[in-house]
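Subject: Structure for your files

Dear colleague,

Please find the structure we spoke of below. My notes on what was found follow it.

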Amino acid sequence: MSRLLAAVLTVAAAAALAVGAAFGIVALLEASPDQPNTPLITYEHADQAR
C-alpha cells in the first residue's frame, strides 16, 4: 500500500510541477513587451508603379 501511495503522490507532484511551469511560462510571455509588427520587406502595388 505504501508503494501505491508513493506512486500517487509522485504523480500528483509531477502534475502540480507541470501546471506551475506552464503558468510560469505564460507569465513570462505576458511580461515581455510586444514586438512591433513591421514588415522587413515592402512591395509596391501595381497601381502605384504607373
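Helices, of at least four residues, and strands, of at least two, are taken here as DSSP runs and numbered from the N terminus. On that basis, the secondary structure of the protein chain amounts to 1 helix and 0 strands. Please keep in mind that this is a predicted model.

Overall form. The radius of gyration of the protein chain is 25 Å, whereas the globule rule gives 10 Å for 50 residues, so the chain is more spread out than a compact globule. The C-alpha trace spans about 85 × 20 × 10 Å along its principal axes.

Surface. Taking buried to mean under 20% relative accessible area, buried residues account for 0% of the 50 residues in the protein chain. The chain exposes about 5,100 Å², and 67% of that area is supplied by carbon and sulfur atoms.

Start of the chain. Met-1 lies in the segment before α1, the helix that covers 2–31. Since exposed means over 50% relative accessible area, Met-1 counts as exposed because its relative accessibility is 83%. Together with Leu-4 and Val-8, Met-1 forms a nonpolar patch on the surface, and the three have about 380 Å² of accessible area together.

After the helix. Pro-36 sits in the segment that follows α1. Pro-36 has a relative accessible area of 62%, so this residue is exposed. How far apart are Pro-36 and Val-26 in space, C-alpha to C-alpha? The distance is 20 Å, for a separation of 10 residues in sequence.

Regards

Note on methods:
Residues are numbered from 1 along each chain as its sequence is written. This is a predicted model: local features need pLDDT of at least 70, side-chain atom pairs count only at pLDDT 80 or more; totals for chains, interfaces and linings use all residues. Side-chain values use heavy atoms; hydrogens and water are left out. Patches are made of residues with over 30% relative accessible area and no salt bridge: like charges are joined within 9 Å, nonpolar side chains (Val, Leu, Ile, Met, Phe, Trp, Tyr) within 5 Å. Accessible areas come from the Shrake-Rupley method with a 1.4 Å probe; for residues, only the protein chains shown count as cover. A salt bridge is a side-chain nitrogen of Lys or Arg within 4 Å of a carboxyl oxygen of Asp or Glu. Buried means under 20% relative accessible area, exposed over 50%, partly exposed in between (1.4 Å probe, protein chains only). The radius of gyration is taken over C-alpha atoms; the globule rule is 2.2 Å times the number of residues to the power 0.38.
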